[in-house]
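Please examine the protein model shown below. The briefing that follows describes its overall make-up and then some of its parts.

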Amino acid sequence: MDWKTIMKDTKLKNTLLKSHRATQTNNSAFSDQVSGNHYKTLKIQPLEYCMANKLNACQVKVIKYTTRCLLKNKDKKGRKQDIDKAIHCLEMLKEFIDKDVV
């Protein structure tokens, strides 16, 4: 894929996401966040993405922790802790796969 195509796709995605955010009113639960604002700064919140794609609980947590690790945590210890949490969720997902649960 060439650079022009990538830029065109990126512009389209940004336009669609901006349009999506505009559809959310101040009455929306997604316009508020308890404790912090790290998710509100994103073009699409992790939970919106997860619900739209019908992800399971382990997948949702992996996306949550990897998304917030650099946004919420200013220190290396907190960032690494969120990555460790995501890895733990992936390990649990592997066990569910081994047990034919998912």
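**Exposure, fold and local features**

V102 counts as exposed, because its relative accessibility is 52% (exposed means over 50% relative accessible area, buried under 20%, and partly exposed in between, with a 1.4 Å probe and protein chains only). This is a predicted model, in which local features need pLDDT of at least 70 and side-chain atom pairs count only at pLDDT 80 or more, while totals for chains, interfaces and linings use all residues. Residues are numbered from 1 along each chain as its sequence is written, and side-chain values use heavy atoms, with hydrogens and water left out.

**Overall make-up**

- The protein contains 4 helices and 0 strands; helices (H or I, at least four residues) and strands (E, at least two) are DSSP runs, numbered from the N terminus.
- Read from the N terminus, the order of elements is α-α-α-α.
- Of the 102 residues in the protein, 20% are buried.
- Among contacts with a separation of 6 or more, 41% join residues 24 or more positions apart; a contact means heavy atoms within 4.5 Å.
- The protein exposes about 8100 Å², of which carbon and sulfur atoms supply 59%; accessible areas come from the Shrake-Rupley method with a 1.4 Å probe, and for residues only the protein chains shown count as cover.

**Helix α4**

- The 23 residues of α4 should span 33 Å at 1.5 Å a residue, and its end C-alpha atoms are 33 Å apart, so the two values agree; the expected span is 1.5 Å times one less than the number of residues.
- G78, D82, A86, C89 and L93 are the buried residues of α4, and these pack against α3 (57–72).

**The segment after α4**

- V102 belongs to the segment that follows α4 (76–98).
- Together with M92, F96, I97 and V101, V102 makes a nonpolar surface patch of about 420 Å². Patches are made of residues with over 30% relative accessible area and no salt bridge, with like charges joined within 9 Å and nonpolar side chains (Val, Leu, Ile, Met, Phe, Trp, Tyr) within 5 Å. A salt bridge is a side-chain nitrogen of Lys or Arg within 4 Å of a carboxyl oxygen of Asp or Glu.
- D100 also lies in the segment after α4, and although D100 is not a glycine, its phi is positive, about 60 degrees.
- D100 is exposed, because its relative accessible area is 67%.

- K54 is found in the loop between α2 (46–52) and α3.
- Phi of K54 is positive, near 50 degrees, in a residue other than glycine.
- K54 counts as exposed, because its relative accessibility is 76%.
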